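These are my notebook entries on one structure. I set down what I looked up, entry by entry.

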Amino acid sequence: MASNPPLIDAEVLREFFEKAEPFLTAEYLAQLSSDLAGRRLRVKAALPDWPALWDLALATRRLPADERALWQPRLEPMRGLMERADVPGALELVESLPERPKWLVDWMTFWAHLVNPEVVWWARWVYTPASETGALLLLLDNPTVLQGAADLQGAYQRVSDAVRFLAAVLDSTRQLEGVEAEYRPMATLALVYTVYMFTMASWKLTEEFTHVLPPFPVVVRMLLGLNRWEGK
């Protein structure tokens, strides 16, 4: 039986934007959009080689050397698929592996997304099925629509459908217009997750301890994986 289509709760989305609004200056959004576009141009011109494929991706930049050495030859066949942003082909390869490290889908879809922003980056902070957490769940009218897929391809399709619905809501409500449309959904999810992080910190810790978090605008850029690309 097909799952219900994902629906973004526009009122909840508006509330997240209201909390983030003090940080969303025109200058900040313009720089964010420019940096995302510049990164895409660099990757589309030439996908990085190892070890940059590890170092520049949020999911693997801290991956131990022995795990990198183990997985690099296994993932070399995926390079061409990522260069073409062929996520179905890459997911088919992932599903053929005897084991699947928790960072793999995040890492692979990150590079495919940089080549083609219309391809959805399934970052772990966007949605983690095992713990049922992530920015996307905070916005869905019915979070269970992401559950129950028969395979990895089906699960990714549900996440993609939800992110594309978010893009449609952003277009219709004219939110985050300071960022180019193709980068708006992921930027929005990063904003949502940053608001969530700061809110949870203020609830669970004393006010002093919330200062261990970097400034709000910096966290957004970190989630989008931009901090390692500065100066490149």
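Is E76 buried, partly exposed or exposed? I found a relative accessibility of 36% for E76, so E76 counts as partly exposed. The classes are defined by relative accessible area, with buried under 20%, exposed over 50% and partly exposed in between (1.4 Å probe, protein chains only).

**Entry 1: the model.** I note that this is a predicted model, in which local features need pLDDT of at least 70 and side-chain atom pairs count only at pLDDT 80 or more, while totals for chains, interfaces and linings use all residues. Residues are numbered from 1 along each chain as its sequence is written, and side-chain values use heavy atoms, with hydrogens and water left out.

**Entry 2: salt bridges.** I searched the whole structure and recorded eleven salt bridges. A salt bridge is a side-chain nitrogen of Lys or Arg within 4 Å of a carboxyl oxygen of Asp or Glu. I looked up the partner of E76 and found R79, with 3.4 Å from N to O. R79 has a relative accessible area of 13% and is therefore buried.

I then turned to R174, which forms a salt bridge with E177, their closest N and O atoms being 3.1 Å apart. R174 is exposed because its relative accessibility is 57%. E177, at 46%, counts as partly exposed. I also noted a network of salt bridges that links E11, R14 and E18.

**Entry 3: R124 and D106.** Which parts of the chain does this pair tie together? The side chains of R124 and D106 meet in a salt bridge of 3.7 Å, N to O. R124 lies in the loop between α7 (104-115) and α8 (135-139) and D106 lies in helix α7, so the pair ties together parts that are 18 residues apart in sequence. Helices are DSSP runs (H or I, at least four residues), numbered from the N terminus. I recorded a relative accessible area of 30% for R124, which is partly exposed. D106, at 6% relative accessibility, counts as buried.

**Entry 4: the largest pocket.** A pocket is found on a 1 Å grid over the protein atoms alone, as an open set of points where a 1.4 Å probe fits, with protein on both sides within 12 Å along at least five of seven lines; lining residues have an atom within 4 Å of a point. I noted about 300 Å³ of space in the largest pocket. The volume is the space filled by probe spheres set on the points, which are joined across faces, edges and corners.

I counted 16 lining residues, of which K102, V105, W122, R124 and P129 lie nearest the centre of the pocket. The elements that give two or more residues to this lining are α7 and α9 (152-173). α7 gives the most, with three residues. The lining divides into ten nonpolar, one polar and five charged residues. Here Ala, Val, Leu, Ile, Met, Phe, Trp, Tyr, Cys and Pro count as nonpolar, Asp, Glu, Lys and Arg as charged, and the others, Gly among them, as polar.

Entry 5: Which residues does S33 touch? S33 is in helix α2 (residues 26-45), and S33 is buried at 5% relative accessibility. I listed G178, V179, E180 and Y183 as its contacts, not counting residues up to four places away in sequence. Contact means heavy atoms within 4.5 Å. S34 is also placed in helix α2, but S34 is partly exposed, with a relative accessible area of 43%.
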